[in-house]
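I opened a new model today and kept notes as I went. Here is the structure I was looking at.

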Amino acid sequence: KKRMNFTEQPIAPLESMTVLHSVINCCKLMFNILVVAECCDLSTIKPYKNMSSENVKRRDDGIKKYAKIILRKTGICLRDIGHNNTGGGLVGNHAKAFFEQGDTICDTVFKNQYSGHIKKIIQYLHTILCILNSKLPVNVKKYSELCRKTTAALLLRVPFFRFNITIHQVLFHSWEHIKNNESRGLGAWSEDALEMAMGRGRSARKFQAFRGSLARNLTDAHYALQLEADNHINENFKKVKRSQLKYHKLSESKVSELEELIDYDRCSEEERTSLKR
């Protein structure tokens, strides 16, 4: 399939669009932008130039400081997100919660001349990532317009902003992936379940298995995971405790924004019923 931008070369395969890590890396980017706007000397920062050592130190100290403040006020842990450890599982849940509570974070934690503009950009990104993580039909034209609107807001309202690979892929190429996926969101391609399975495997090896030898460790971990996967054992003996996932309810304004981007005419009866709920 041909592209509609500056080049006609085909885009990369759909598997290259990592949905969960797009949320995590976008959260990391917006958190760093908020910290830089609050702590650094913006007059010395030039677009696409390395920051001075003093600004780098201020940014790193600010990440630690504001991560603690956000954890205390909202319960969202951004300690790992602020650094290079992007991981999955629990970190992904906190990244999603960051976008859902972006208004509260910008209003109560950060107070600078850019916080209002960054708050609006976080709202745009939240809408984009919700559509990207869904499995519903998408109005590609309106979705691409929202991506261009978000890009313009970043470039015009945040002069010290720098594009990275993830934000470039989300804003410039995600609509192409959605269009090639029969105009549906990429939720079916999300690596969220894989990350949770890998995390469960690491937890079993670390806490539920003998660690004297590799063979014994893998054998015990396999037995632990097999016990967890057996429904009969779970129902009768309750040997494995499952973690409870907390789902955040979207506001009415966010629901109305998402409704504009969802193509209801292409939804099945089951999907329409789930949306009404």
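My entries follow, helix by helix.

**Ground rules.** I am working with a predicted model, where local features need pLDDT of at least 70, side-chain atom pairs count only at pLDDT 80 or more, and totals for chains, interfaces and linings use all residues. Residues are numbered from 1 along each chain as its sequence is written, and side-chain values use heavy atoms, with hydrogens and water left out.

**Entry 1: helix α2.** I began with helix α2, residues 53-74. Helices here are DSSP runs (H or I, at least four residues), numbered from the N terminus. I noted that α2 has 22 residues and reaches 31 Å from its first C-alpha to its last. That is close to the 32 Å expected at 1.5 Å a residue. The expected span is 1.5 Å times one less than the number of residues. After α2 comes G75, and its phi is positive, near 80°.

Which residues of α2 are buried? I listed N55, G62, I63, Y66, A67, I69, I70 and T74. Buried means under 20% relative accessible area, exposed means over 50%, and partly exposed lies in between (1.4 Å probe, protein chains only). The cover over these buried residues includes α1 (19-39) and α4 (102-108).

**Entry 2: A67.** A67 has a relative accessible area of 10%, so it is buried. What does A67 contact, leaving aside neighbours within four places in sequence? I found F31, G62, L78 and R79. Contact means heavy atoms within 4.5 Å. F31 is 36 residues from A67 in sequence, yet their C-alpha atoms are 9.1 Å apart.

**Entry 3: salt bridges.** Side chains of opposite charge can pair when their charged atoms come close. How many salt bridges does a search of the whole structure find? I got five. A salt bridge is a side-chain nitrogen of Lys or Arg within 4 Å of a carboxyl oxygen of Asp or Glu.

- R58 pairs with E54, with the closest N and O atoms 2.9 Å apart. The two are four residues apart in α2, so about one helical turn separates them. R58 is partly exposed at 32%, and E54 is partly exposed at 49%.
- D61 pairs with K57 at 3.1 Å, N to O. These two are also four residues apart in α2, so about one helical turn lies between them. D61 is partly exposed at 38%, whereas K57 is exposed at 54%.
- R59 pairs with D60 at 3.4 Å, N to O. R59 is partly exposed at 25%, and D60 is partly exposed at 31%.

**Entry 4: helix α5.** I moved on to α5, residues 115-132. Its 18 residues reach 25 Å from first C-alpha to last, close to the expected 26 Å. Is α5 enclosed or open? I counted 13 of the 18 residues as buried, so α5 is largely enclosed by the rest of the structure.

**Entry 5: α6 against α7.** Two packed helices are described by the angle between their axes and the distance between the axes. For α6 (140-157) and α7 (165-180), I read an angle of about 175° and axes 10 Å apart. Axes are lines fitted to C-alpha atoms, for helices over the stretch in contact, and angles run from 0 to 180 degrees between N-to-C directions. The pair is therefore roughly antiparallel, a label for angles over 145 degrees. Residues making the contact include Y143 and L154 of α6 and F172 and W175 of α7.

Conventions:
Angles under 35 degrees count as roughly parallel, over 145 as roughly antiparallel, 65 to 115 as roughly perpendicular and the rest as oblique.
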